[in-house]
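Visitor: Could you walk me through reading the packing in a model like this one? I'd like the general idea each time, and then the case at hand.

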Amino acid sequence: MAIMRINVGPIHPSTHGVLRLIVDVDGDTVQRVEPHIGFLHRGVEKLMETRMYMQNPSYTEKLDYIAPLSWDDLYVSAVEKAIGIEVKERAQYARAILLEFQRIASHLLWLGTLCNDMGQLLTVFCWAFRERAKVLRLLEDVSGGRMFYVNLRLGGLNQELPPDFRERSHSLADYLEGKILEYPDVLEGNPVFMERTKGIGRLSKADAINYGVSGPVLRASGVMDDARKSSPYYVYDKVKFRVPTGRQGDNFDRYKVRYEEMIQSIRIIRKLLEIMPEDGDVKGMPIKLIGPSAKPDPVLVSRELPRGEGVIYMIPDKQRPYRISLRSPTFINLAVLNVLTEKVKFADIFSILGSLDVVLGEVDK
């Protein structure tokens, strides 16, 4: 049969943003998928080189509008390292707790939209957004912003934590655990969900390593790599937690890894709340256009973001990045789409793409 070329996107409900896919099919069997990116390219790195250090978090947060706090933390940590500022002890706990809540919120949105991509409308989607809304309310009360936070400052946070932060966080963790534990009964007992995830979009361990994917996509292929374990930051080395991995590297394993990560994040939050010091404050330095001068030494910082390992390499100038390069995990993860979709059915493209958890703001930069 002749090969037919189908254009998907760039505006399509299942491409999770402005992503264009050029799909070659033989009948209903996919021969090749070529992602076309760049529709959201803003030149973020070059923009950041023209701004003072603490003018840039509003750019980095918009790279991943699903988990903005994670990129905010990565960038501010790079600036702190360049200047030589230590984060206050209590602020380290607060940042780690908030980052885990952000990871849960990100995974919940991913799960809800993945089910939508596979035609499992409303039930899990509404559940996931219900739980996510409660996490966002806490983050909003801590930062003052609902979608974008810009809450990190050099050495700490923008403002003190609410007086009931510990109690509310405990209560929220209990609530989330109770609800999330109900998900597998609905998802894994659903034959449609299982047929569209089990054995679909397999990524071998060797390909995962060779392509340089990271995060849940890498771990689902059986590689135990997590920056929180391999190069601990803040207070992650003070808590014990498990790094979930898969075996098959298929859609189901990518779902299962993210699901287990939410459970592990809840445990991390509980433990950090228990050992978080009572004394001390979390406030960092107020934003000033001219701040402490950075050293000229190159800076390399990595963080375990919800979608994989984010890395910043920066050559500092005194008051602004002279050169800065951002490694966005979803840009790398998207590169394996053609591998995962080889010889699958056309309809499976969208469940596979959904399982990669792509955010185009981060891909295009």
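Guide: We'll go through sheets, helix pairs and aromatic rings in turn. This is a predicted model, where local features need pLDDT of at least 70 and side-chain atom pairs count only at pLDDT 80 or more, while totals for chains, interfaces and linings use all residues. Residues are numbered from 1 along each chain as its sequence is written, and side-chain values use heavy atoms, with hydrogens and water left out.

Visitor: Let's start with sheets. What is the strand order in the open sheet that holds E1?

Guide: In general, side chains in a regular strand alternate between the two faces of the sheet. Here the order is E1-E4-E5, with antiparallel pairing. Strands (E, at least two residues) and helices (H or I, at least four) are DSSP runs, numbered from the N terminus, and two strands pair if DSSP finds at least two bridges between them. E1 (4-8) and E5 are the edge strands, each pairing on one side only. The twist averages 20 degrees from one strand to the next.

Visitor: How many bridges join E1 to E4, and how many join E4 to E5?

Guide: Five join E1 to E4, and Ile6 stands opposite Val23 in E4. Seven join E4 (residues 20-26) to E5 (residues 29-36). Asp26 has Thr29 in E5 as its bridge partner. The hairpin of E4 and E5 has two residues between the strands, and Gly27 there takes a positive phi near 70 degrees.

Visitor: Now helices. At what angle do H4 and H5 pack?

Guide: Two packed helices are described by the angle between their axes and the distance between the axes. Axes are lines fitted to C-alpha atoms, for helices over the stretch in contact, and angles run from 0 to 180 degrees between N-to-C directions. H4 (residues 89-117) and H5 (residues 123-143) pack at about 155 degrees, with axes 8 Å apart. They are therefore roughly antiparallel (angles over 145 degrees count as such; under 35 is roughly parallel, 65 to 115 roughly perpendicular and the rest oblique).

Visitor: Which residues meet there?

Guide: Among them are Leu98, Phe101 and Leu108 in H4, and Phe125, Phe129 and Leu139 in H5. The residues of this contact divide into 16 nonpolar, four polar and two charged (Ala, Val, Leu, Ile, Met, Phe, Trp, Tyr, Cys and Pro count as nonpolar, Asp, Glu, Lys and Arg as charged, and the others, Gly among them, as polar).

Visitor: Last one: how many aromatic pairs are there?

Guide: A pair of aromatic rings is described by the distance of the centres and the angle of the planes. Rings of Phe, Tyr and Trp (its six-membered ring) pair if their centres lie within 6.5 Å; planes under 30 degrees apart count as stacked, over 60 as edge-to-face and the rest as tilted. By this rule there are nine aromatic pairs. Phe193 and Tyr255 have ring centres 5.1 Å apart and planes at 80 degrees, so that pair is edge-to-face. Phe193 lies in H8 (residues 191-195) and Tyr255 in H12 (residues 251-275), so the pair ties together parts that are 62 residues apart in sequence.

Conventions. Contact means heavy atoms within 4.5 Å.
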